[in-house]
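Here are a few notes to read alongside the model.

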Amino acid sequence: MKAQIQANYEERLYSYVALIQGTEPPGLVPKLAVYRELTRQHSMHGVRLWEIEPLLHPLLFSVETDLHLATARLLEDPRRADGSLFAFLDFCTKNRSNITWKSGPPKVEVLEKQISELETRRKTINAIMSRRDKFFAHLDKRYFKDPARIYIDYPLDADDVIGLVNAVIGVITEHQWELKGSTAISVGEFYTIGVDNMVRNLETGRRKNFPGQLD
């Protein structure tokens, strides 16, 4: 039984690693890196970013929505989804004595801290879930008539979303480290640099092809 539980734990953990660090399809780490850098560029340039390239405006909205949906599926109510990270942490808590890390069984305080790291961001989680359930995945009558209302009824701050996603990534990374003493190489930096280079190239192209437009 112990071996079976350990195998189940490791199988679930590495499924999360793929959902977080993967590149085909992109996981949570690359999605976050793209979103964070686009919001940084917007903070730095303001509306001038849309003058550099108008398509960056809808692109930022699309990247944000994609990040919200990818995060929501990992934080689903555990009663509705076995793949929920909350369900995984509940499994770890209940089967702690049958799971082995490098240092021994997972410590109760470590698992409790991980749950707390997520639960302290419950307001952000609820807003993401509400946007998904009432507009992006389904369409409530209210938002069918007034789509922009979803952003008023369920406001989200970019920094809060980034903090939540980092907390999710942190939980899985900690389990990886405690299990094997190593973690997957993060690809986030490559995506961050890629977005920065893209904006720089777009600005250079705009100045070259449309002289005076950005002055």
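1. Helix 4 gives the largest share of the lining of the largest pocket, four residues. The elements that supply two or more residues to this lining are helix 2 (28–45) and helix 4 (56–74). Helices here are DSSP runs of H or I with at least four residues, and strands are E runs of at least two, numbered from the N terminus.

2. Please keep in mind that this is a predicted model, where local features need pLDDT of at least 70, side-chain atom pairs count only at pLDDT 80 or more, and totals for chains, interfaces and linings use all residues. Residues are numbered from 1 along each chain as its sequence is written, and side-chain values use heavy atoms, leaving out hydrogens and water.

3. Which residues line the largest pocket? They are Tyr35, Thr39, His42, Trp50, His57, Leu60, Phe61 and Glu64. By type, the lining has four nonpolar, three polar and one charged residue.

4. Stepping back, the protein has 11 helices and zero strands. Its pattern along the sequence reads α-α-α-α-α-α-α-α-α-α-α. The C-alpha trace spans about 70 × 40 × 25 Å along its principal axes.

5. Of the 215 residues in the protein, 43% are buried, meaning under 20% relative accessible area with a 1.4 Å probe, protein chains only. Among contacts (heavy atoms within 4.5 Å) with a separation of 6 or more, 71% join residues 24 or more positions apart.

How values were computed:
On a 1 Å grid over the protein atoms alone, a cavity is a set of points where a 1.4 Å probe fits but cannot get out, and a pocket is an open set with protein on both sides within 12 Å along at least five of seven lines; lining residues have an atom within 4 Å of a point. Ala, Val, Leu, Ile, Met, Phe, Trp, Tyr, Cys and Pro count as nonpolar, Asp, Glu, Lys and Arg as charged, and the others, Gly among them, as polar. Buried means under 20% relative accessible area, exposed over 50%, partly exposed in between (1.4 Å probe, protein chains only).
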